[in-house]
Amino acid sequence: MSLRKVNISILIVAVVIFLLVLHHNFLGLSDFLKRELTDSNPLGLQPIDFIPAVPQRLADERNDKEISVVIAASDERLGGAIAAMNSIYYHTRSNVVFHIVTLNDTVDHLRLWLSNSALKNLRYRILDFDPRVLEGKVEVDPQKADTLKPLTFARFYLPSLVPHAEKAIYVDDDVIVQDDILELYNTPLKPGHAAAFSDDCDSITNKVAVRGAGNQYNYIGFLDYKKETIRKLAMKANTCSFNPGVIVANLTEWKLQNITKQLEKWMALNVVEQLYSRTLAGSITTPPLLIVFYKQHSSIDPMWNVRHLGSSAGKRYSPQFVKAAKLLHWNGHFKPWGRTASYAEVWEKWYVPDPTGKFSLIRRHSEAYEAK
């Protein structure tokens, strides 16, 4: 009888051990699946770094509103992205999380720069952008392959960059923010609109004539209306264009409308049919956005994208107006890190020196080039 009790006890212990092992394995599998879902991305956008925690002192001082801000950071323009993020962080009490899109060979340089004491409280996530995503969608001149800037297309993939957010802001790396980014984040989007942009015909930019821009304020300046594919869209050629350097995106609507797939479709069609204007002076990212968002976008307050600061070395705006602007945008050939751009001293205020000294060399090269 006692032997039977011993056998039963051994059986119970064996069952308990089996259940514990099974539970342990299940947890391990669960963790593995979580990592797979978090780290893998069909677009090749791989999260590398994330700083989720806010120091308690800062958490007490700042409000609970989390704002996702996407910015591209190429190695030769890294100082611009650093200055932009620094200016955004300084002017807000919101919990901003920066989603920094870069290429693999820039990651170590970026991480070292962000470790600077002036930037140590930034919350950020570094994403490695895989240029292969653009294969068949961007025409590459074999003799000018190095002129292709893959990161300029990062804005097309916002839902993949910020998969868990309902709303996000995208900004170019040549901007400085002078007010609370929360106000821009709260830009109202009309029902059915996936994004808001600043129109090129707004009351501010319309006062500034950009030499050599031609029709760069309307659709005909970006698209070739001689092509049947463009004419079939029935888009008015004199429709006011918009600037995609600052975007407020409703990511839920973006995904519902398959905006990314639509953009990729027009990119691929352009490779085959050459749909973009031959006199295109702006970024090649603009034409597909103009097509997809034709009369289907909301408007950003023009003070949140005061641009053309990089269109020449001269000062087009008064110092008082520049001070009142909420976001300054040095779009154009003259970047503030070259110092020949207008109001470069405003940008300089937010620049954090490169610990490697590499960006300083780029700046000096840029100054020498622009002086010619």
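Predicted model: local features only at pLDDT ≥ 70, side-chain atom pairs only at ≥ 80, totals over all residues.
Visitor: What should I know about the model first?
Guide: Local features need pLDDT of at least 70, side-chain atom pairs count only at pLDDT 80 or more, and totals for chains, interfaces and linings use all residues. Residues are numbered from 1 along each chain as its sequence is written, and side-chain values use heavy atoms, with hydrogens and water left out.

Visitor: How many aromatic pairs are there?
Guide: The structure contains 14 aromatic pairs, where rings of Phe, Tyr and Trp (its six-membered ring) pair if their centres lie within 6.5 Å.

Visitor: Why is the pair of Phe 197 and Phe 293 edge-to-face?
Guide: The ring centres are 5.2 Å apart and the planes stand at 70°, so the pair is edge-to-face; planes over 60 degrees apart count as edge-to-face, under 30 as stacked and the rest as tilted.

Visitor: Buried or exposed, Phe 197?
Guide: Phe 197 is buried at 0% relative accessibility, and Phe 293 is buried with a relative accessible area of 1%. Buried means under 20% relative accessible area, exposed over 50% and partly exposed in between (1.4 Å probe, protein chains only).

Visitor: And what about Trp 337 and Phe 359?
Guide: Their centres lie 6.3 Å apart with planes at 65°, so this pair is edge-to-face. Both Trp 337 and Phe 359 are buried.

Visitor: Which residues form a cluster?
Guide: Trp 113, Trp 337, Trp 347, Tyr 351 and Phe 359 are linked into a cluster by ring pairs.

Visitor: New topic: where does Lys 167 lie?
Guide: Lys 167 lies over the face of Tyr 185, at 5.1 Å from the ring centre. A charge sits over a ring if NZ of Lys or CZ of Arg is within 6 Å of the ring centre and within 35 degrees of the ring normal.
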